Amino acid sequence: MASSAHPAFPSRGYGTSLGKLPDRSMGPTFGASTSQQQRENQRLERERERLEKERLEREEQNQLSEEQREEIKEAFMLFDLDKDQKIDYHELKVAMKALGFDLPKAEILAILQTHGSPSEPSNPNTPHHPRLLLPFNQFQTVMTQRILARDPRDEILRAFELFDEGGKGKINLNDLRRVARELGEGLEEEELAAMIDEFDLDGDGAINREEFLGICLQ
């Protein structure tokens, strides 16, 4: 009589890798790698932005004359009283005023908040109240932008005020004589008088603001 036993079924192989759950051990590593790549991309983007900003700042500074760049440097050095290559609120205010920018307190504070950095404690064992300080490179950037944005007439009128002793609103022969002496120019009296005569359009014996602007802008 034939055996009634069924043929053996193929083994399902429960012990093989086909029956295992997916190995998730690579998941965290992949996530960490992605996060690290994102941080690296962000760092590279910040570096690119920094380099682009520096390039634009150099281009702006190149638009200034050598004399203007030297004036910015001298103003900073003159009012950096402790010579730490940083200036505080009061030093910034007088330095900017020396360069022809007499700004209100709110604008000075806004510059410090935008471009400044907190002071560091001189003694770690004593209480420290940080102040905002502006380093030279940021001062140079701020002043370059403001000088380039200034109306050329403002610069000319600043020069006019250097000639106009006493704020008369006019430059007379005595003013020209004084400036020539200060600059070491050996001009004769007749030459100085001829300069007044040439540009004195209203015939009052002096050069007013509008006449001075006309001289400089022609």
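How much space lies in the largest pocket? In this predicted model, the largest pocket holds about 230 Å³ of space. Residues are numbered from 1 along each chain as its sequence is written, and side-chain values use heavy atoms, without hydrogens or water. Local features need pLDDT of at least 70 and side-chain atom pairs count only at pLDDT 80 or more, while totals for chains, interfaces and linings use all residues.

A pocket is an open set of points on a 1 Å grid over the protein atoms alone, where a 1.4 Å probe fits, with protein on both sides within 12 Å along at least five of seven lines; lining residues have an atom within 4 Å of a point. Its volume is the space filled by probe spheres set on the points, which are joined across faces, edges and corners. The lining of the largest pocket comprises 14 residues, and F163, L176, M195, I207 and F212 lie nearest its centre. Two or more lining residues come from each of α7 (173-182), α8 (189-199) and α9 (209-217); helices are DSSP runs (H or I, at least four residues) numbered from the N terminus. By class, the lining has 13 nonpolar residues, no polar and 1 charged. Nonpolar covers Ala, Val, Leu, Ile, Met, Phe, Trp, Tyr, Cys and Pro, charged covers Asp, Glu, Lys and Arg, and the others, Gly among them, count as polar.

Helix α2 (residues 66-79) packs against helix α5 (residues 136-149) at an angle of about 135°, and their axes are 10 Å apart. α2 is therefore oblique to α5. Axes are lines fitted to C-alpha atoms over the stretch in contact, and angles run from 0 to 180 degrees between N-to-C directions; under 35 degrees is roughly parallel, over 145 roughly antiparallel, 65 to 115 roughly perpendicular and the rest oblique. The contact (heavy atoms within 4.5 Å) involves Q68, I72, K73 and F76 of α2 with F136, F139, Q140, M143, T144 and I147 of α5. These divide into 6 nonpolar, 3 polar and 1 charged residues.

Helix α3 (residues 89-98) and helix α4 (residues 105-115) pack at about 115°, with axes 10 Å apart. α3 is therefore roughly perpendicular to α4. Y89, L92, K93 and M96 of α3 meet K105, I108, L109, I111 and L112 of α4. This contact has 7 nonpolar, no polar and 2 charged residues.
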